[in-house]
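Subject: Structure for your review

Dear colleague,

Please find the structure below, together with its sequence. My findings follow it.

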Amino acid sequence: MDDIDADSLKGAAEHLIDTLQDPAAIILGSCPGEGKVSLVAAFTPTVVGLGIQAGKFIGPIAKLCGGGGGGRPNFAQAGGRKPENLPSALQKAREDLVSLLAEKTS
C-alpha cells in the first residue's frame, strides 16, 4: 500500500481483522514517505492461541527493511528505513506465516 501513513495502515489492519473470520492473520506494509517503511501485523485469537504472536513476528520482518518494531500478541507495528526491501520483506512474512500456521496446525 503506497503512501499510506502508519495510522491509516493500522486502521486498515484493524478493519480487516474485524471483518475476516477467525482464524486470520494480516500483514500490511507501506512506504509513507521517502526512506520510510511502515508495517502492521494483526492476528485473531485463534492464531495467537497457536503460539504465533504479532509482536514477535513483525520484528525480524522489519529488520529486513532496516528497522524494528513490536507490540502485543494480537497487534504490532514496525518501521524501517529501506523501502526498496519492502516487497521482499512482505514476501518473507507471507512465507513464514504460512509455514508457521502449517506447522502449528498439523
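The buried residues of helix α3 have a cover that includes β1 (25-33), β2, β3 (68-71), β4 (75-80) and α4. Those buried residues are A54, G55, F57, I58, G59, I61 and A62. Please note that this is a predicted model.

The packing of α3 on α4

Helix α3 spans residues 54-64 and helix α4 spans residues 86-105; their axes come within 9 Å and cross at roughly 150 degrees. Because angles over 145 degrees count as roughly antiparallel, α3 is roughly antiparallel to α4. The crossing of α3 and α4 is right-handed.

On the α3 side, F57, I61 and L64 take part in the contact, and they meet A89, K92, A93, D96, L97 and L100 of α4. By class, the residues of this contact are seven nonpolar, no polar and two charged. An α-helix has 3.6 residues a turn, so residues three or four places apart point the same way.

After α3 comes G66, which has a positive phi near 75 degrees. For context, most residues other than glycine have a negative phi.

P23 is placed in the loop between α1 (6-19) and β1. The peptide bond that leads from D22 to P23 is cis, and its omega is near 10 degrees. In general, most peptide bonds are trans.

T44 belongs to another part of the chain, the loop between β2 (36-43) and α2 (45-49).

Strand β1

The C-alpha atoms of G29 and L64 are separated by 12 Å, and the two residues are 35 apart along the chain.

The annotated region

The UniProt record, an unreviewed entry, places the feature "domain: DHHA1" at residues 2-96. In the model this span is 43% helix and 28% strand, and its end C-alpha atoms lie 23 Å apart.

Yours sincerely

Technical notes:
Residues are numbered from 1 along each chain as its sequence is written. This is a predicted model: local features need pLDDT of at least 70, side-chain atom pairs count only at pLDDT 80 or more; totals for chains, interfaces and linings use all residues. Side-chain values use heavy atoms; hydrogens and water are left out. UniProt positions are given in the numbering used here, feature names are shortened, and annotations may be inferred rather than shown by experiment. Helices (H or I, at least four residues) and strands (E, at least two) are DSSP runs, numbered from the N terminus. Axes are lines fitted to C-alpha atoms, for helices over the stretch in contact, and angles run from 0 to 180 degrees between N-to-C directions. Angles under 35 degrees count as roughly parallel, over 145 as roughly antiparallel, 65 to 115 as roughly perpendicular and the rest as oblique. A crossing is left-handed if the near helix is turned anticlockwise from the far one by less than a right angle, and right-handed if clockwise. Contact means heavy atoms within 4.5 Å. Ala, Val, Leu, Ile, Met, Phe, Trp, Tyr, Cys and Pro count as nonpolar, Asp, Glu, Lys and Arg as charged, and the others, Gly among them, as polar. Buried means under 20% relative accessible area, exposed over 50%, partly exposed in between (1.4 Å probe, protein chains only).
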